Amino acid sequence: MGSNGTFLDNEEAPTYAPSIPVPNVQELVRKDPFQVPQRYVRKVEDRPKDTDTSYLSSFIPVIDLSLLLMGNNEELNKLDLACREWGFFQVVNHGVAKQVSQKMKDAAAEFFKLSLEEKNKYAMPSDDIQGKLKFWPNSPKGIQEIIKEYSNAIRKVATELFQSFSLIMGMDKEALLGLHKQLVQAYRVNYYPPCSKPDQVLGVSPHSDTSTITILMQEDDVCGLQIKNNNEWVPVNPIPDALVVNVGDVFEIWSNGKYKSVEQRAVANYSKARISYASFLFPHDEVEIEPPSHMVDSKTKQQLYKKVRYGEYLRSSMNKKMEGKAHTQMAKIEG
């Protein structure tokens, strides 16, 4: 139950998958804050449980990027553990200037205050799930430049993280970036309005990301993201100025399952709207992804994933209903 703007940083961006036209939920809530359309009400077994798992949030690993860049082995071991046991971590000292992040948050907040008529000028086409550059909003003033500045800063964080990921995978520093051929970056801003029945809906269904990694900026004062760890849904309490990083399916395939893409979902909030800022980093469409031979080690003993063309994997996943990690089956070797 979210409104979103999706932007790809490539003017010649490929088409991905058709989108289903749905009413603007921000507008629905504005007209009647107490009405939740039936299409968003979940089956009882799929609803957020009323159990307090917030204490688990403090166990989510926090990685210091500045230490990784200095070659700190202890931090590298923490990263390896975070990717193996959680598929997820928060990153601090990442180098994205606070003013760059704040400008992005301010511009997005202004954008979602625009009239529905104005926002619809930038609506996603029905035959795709993204807004290409021609759909980038022109208002509020300067938003395109703000998005580019923020996206460039996130791209730098991603490429720096890739160096450390390469090392924990037993490769040269630049190897992981090289496997991408061309690093593609997509950016999605989700708006979740307050919901009068947060216990009956989900903002986003449980899923893993089809990216290599996803880097998310959260609001500092509203918690909505949850990740699955040991069959528990763990809330990701925001750490001021931190970025959230999760392992995507591509990283799982390249690591031959050593690092698992994490299942995640978004829950609604009764009293506050929430905006999230997700940057997806993934390979070029034509790249064939499979585990390098050195990742098939004495522990795994066999290759768990077959060779798949990334573009096919991505589109196949997008054409399926979000059901946890069910879509990853197409890349697995049956055995």
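Reader: How many of the five residues in strand E3 (residues 88-92) are buried?

Author: This is a predicted model: local features need pLDDT of at least 70, side-chain atom pairs count only at pLDDT 80 or more, and totals for chains, interfaces and linings use all residues. Residues are numbered from 1 along each chain as its sequence is written, and side-chain values use heavy atoms, with hydrogens and water left out. Buried means under 20% relative accessible area, exposed means over 50%, and partly exposed lies in between (1.4 Å probe, protein chains only). Strand E3 is mostly covered, and its buried residues number four.

Reader: How many helices and strands does the chain have?

Author: Both kinds of element are DSSP runs, numbered from the N terminus. A helix is a run of H or I with at least four residues, and a strand is a run of E with at least two. The chain has nine helices, and its strands number 13.

Reader: Which residue in E9 is the bridge partner of Gln90?

Author: Two strands pair if DSSP finds at least two bridges between them. Strand E2 (residues 62-64) runs parallel to E3, with three bridges, and there Val62 stands opposite Gln90. Strand E9 (residues 243-247) runs antiparallel to E3, with four bridges. In E9, Gln90 is partnered by Val244.

Reader: How many residues of strand E11 (residues 274-282) are buried?

Author: In a regular strand, side chains alternate between the two faces of the sheet. On one side of E11, Arg274, Ser276, Ala278, Phe280 and Phe282 are all buried. Of the nine residues in E11, the buried count is nine.

Reader: How far does helix H6 (residues 143-168) reach from its first C-alpha to its last?

Author: The expected span of a helix is 1.5 Å times one less than its number of residues. H6 has 26 residues, for which 38 Å is expected. The model comes close to that, at 37 Å.

Reader: Which residue following H6 has a positive phi?

Author: The helix spans residues 143-168. The residue in question comes after H6, with phi near 75°. It is Gly170.

Reader: Is Ser164 buried or exposed?

Author: Ser164 has its place in helix H6. Contact means heavy atoms within 4.5 Å. Leaving aside neighbours within four places in sequence, Ser164 is in contact with Leu68, Leu76 and Leu79. Its relative accessibility is 4%, so Ser164 counts as buried.

Reader: What kind of aromatic pair do Phe111 and Phe112 form?

Author: Rings of Phe, Tyr and Trp (its six-membered ring) pair if their centres lie within 6.5 Å; planes under 30 degrees apart count as stacked, over 60 as edge-to-face, and the rest as tilted. The count by this rule is eight aromatic pairs. In one of them, Phe111 and Phe112 lie 5.3 Å centre to centre, with 75° between the planes. That pair is edge-to-face.

Reader: Why is the pair of Phe162 and Phe165 tilted?

Author: Both residues lie in helix H6, three residues apart, about one turn of the helix. Phe162 is buried at 0% relative accessible area, and Phe165 counts as buried at 0% too. Their ring centres are 6.3 Å apart, and the pair is tilted because the planes stand at 45°.

Reader: What share of the 335 residues in the chain is buried?

Author: Accessible areas come from the Shrake-Rupley method with a 1.4 Å probe; for residues, only the protein chains shown count as cover. The accessible surface of the chain comes to about 16,200 Å², with 50% belonging to carbon and sulfur atoms. Among the residues, the buried share is 53%.
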